[in-house]
Amino acid sequence: MDVATIIGILFGFAMIAFSIATGGAPKFFLDPMSILIVWGGTAAALFINFPMAKVLSVLKVAKRAFMHKLPENVDVIATLVRLSAKARMEGLLALESELEKIEDEFLKKGVRQLVDGVDPELVRSLLTTELVSLEERHAVGQRIFNAGASYAPAFGMLGTLIGLISMLSRLNDPTKIGVGMAVALVTTFWGVVLANLVFLPIAGKLKTRSEQEVQQRELIIEGIASIQAGDNPRILNEKLLAFLAPQLRSSADTLEKAGLGAKQKAAA
């Protein structure tokens with residue numbers, strides 16, 4: 001679970017609620033007509049712009065922003081180095097016994113292709129195709145949230161026009177002017193809140209998560225190719241550490257996790 005996303009959204013709404021409460025007129029911000037125009041209009045525009053199945057899956061997409069957690073790249077590298085060492089000592093077929101221990105489906109698919117003796121170029125092609133499909137799926141989710149961020153303020157402005165027209169049509173009745181003014185301003189408020197506290201932050205988080213996952217998939221593809229080429233595990237380790245930020249590159253740590261470090265050698 002990504003605590004930062006939840007804290008950010010809750011903190012944002014809490015600050016807004018506190019500001020409204022201390023302003024002395026919270027009920028005006030819950031005007032049903034204003035909320036209906038912004039939330040209902042945004043939902044309608046999304047259904048027009050995207051296939052229904054894509055829009056309905058938006059909750060599943062948003063769940064990735066809150067719940068999805070990738071394994072650490074250091075752990076993935078250690079796993080690949082360990083598999084490389086085993087393949088060098090016992091052959092690629094020996095990796096079949098490792099399949100049940102691998103939780104990541106993408107890595108498991110790559111290892112299975114090694115065991116099956118698939119041509120190296122075909123292995124890379126199959127994994128790359130899956131990576132491209134993953135990027136496209138993630139991009140659709142981001143586009144839906146970015147579109148929502150565009151529509152919400154637009155419907156806020158629409159509500160403002162509706163409220164102003166309503167107010168001007170009732171100038172002869174001062175008691176109704178406030179209703180029109182409330183709709184005019186509160187719709188803009190909800191449009192800005194929805195865009196900047198919900199849609200844009202979630203779209204940004206999904207983009208970050210997608211970039212992290214794509215980088216990890218590229219690391220796995222490179223590792224699978226190196227195992228199939230019979231590279232030395234220590235060379236493979238150095239090659240994959242290049243995917244990490246400089247401060248995270250510790251070949252000793254990954255070799256220790258892979259069971260090839262100095263401690264394991266001393267124990268042997």
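Predicted model: local features only at pLDDT ≥ 70, side-chain atom pairs only at ≥ 80, totals over all residues.
Q: What makes Arg217 and Asp104 a salt bridge?
A: Their closest N and O atoms are 3.0 Å apart. The term asks for a side-chain nitrogen of Lys or Arg within 4 Å of a carboxyl oxygen of Asp or Glu, so the pair qualifies. The two partners come from distant parts of the chain, 113 residues apart: Arg217 sits in helix H8, and Asp104 in the loop between helix H5 (73-90) and helix H6 (105-115). Helices here are DSSP runs (H or I, at least four residues), numbered from the N terminus.

Q: Which other residue forms a salt bridge with Arg217, and how do you know?
A: Glu213 does, with the closest N and O atoms 3.4 Å apart. Because Glu213 and Arg217 are four residues apart in helix H8, about one helical turn separates them. Glu213 is buried too, since its relative accessible area is 5%.

Q: Why are Lys109 and Glu130 called partly exposed?
A: Lys109 has 29% relative accessibility, so it counts as partly exposed. Glu130, at 27%, therefore gets that label as well. These two also form a salt bridge, with the closest N and O atoms 2.4 Å apart. Lys109 belongs to helix H6 and Glu130 to helix H7, 21 residues apart, so the pair links distant parts of the chain.

Q: How many salt bridges does the structure hold?
A: Nine. There is also a network of salt bridges, which links Arg82, Lys86, Glu98 and Lys101.

Q: Why are helices H2 and H8 called oblique?
A: The axes of H2 (residues 32-49) and H8 (residues 174-229) cross at roughly 40° and come within 8 Å. Angles under 35 degrees count as roughly parallel, over 145 as roughly antiparallel, 65 to 115 as roughly perpendicular and the rest as oblique. H2 and H8 are therefore oblique to each other. Their contact (heavy atoms within 4.5 Å) is made by residues including Met33, Ile37 and Trp39 of H2, and Val183, Trp190 and Phe199 of H8. By class, this contact has 11 nonpolar, four polar and no charged residues.

Q: How do you know whether Ser226 is buried or exposed?
A: Its relative accessible area is 2%, so Ser226 is buried. This residue lies in helix H8. Setting aside neighbours within four places in sequence, Ser226 is in contact with Asp231, Leu236 and Lys239.

Q: Why is Arg124 called partly exposed?
A: Arg124 has a relative accessible area of 33%, which means it falls in the partly exposed class. Its place is in helix H7 (residues 120-168). Not counting residues up to four places away in sequence, Arg124 touches Ile221, Glu222 and Ala225.

Terms used
Residues numbered from 1 in each chain as written. Heavy atoms only, no water. Axes fitted to C-alpha atoms, helices over the stretch in contact; angles between N-to-C directions. Helix = DSSP H or I, 4+ residues; strand = E, 2+ residues; numbered from the N terminus. Nonpolar A, V, L, I, M, F, W, Y, C, P; charged D, E, K, R; others polar. Buried < 20%, exposed > 50% of the residue type's maximum accessible area, 1.4 Å probe, protein only.
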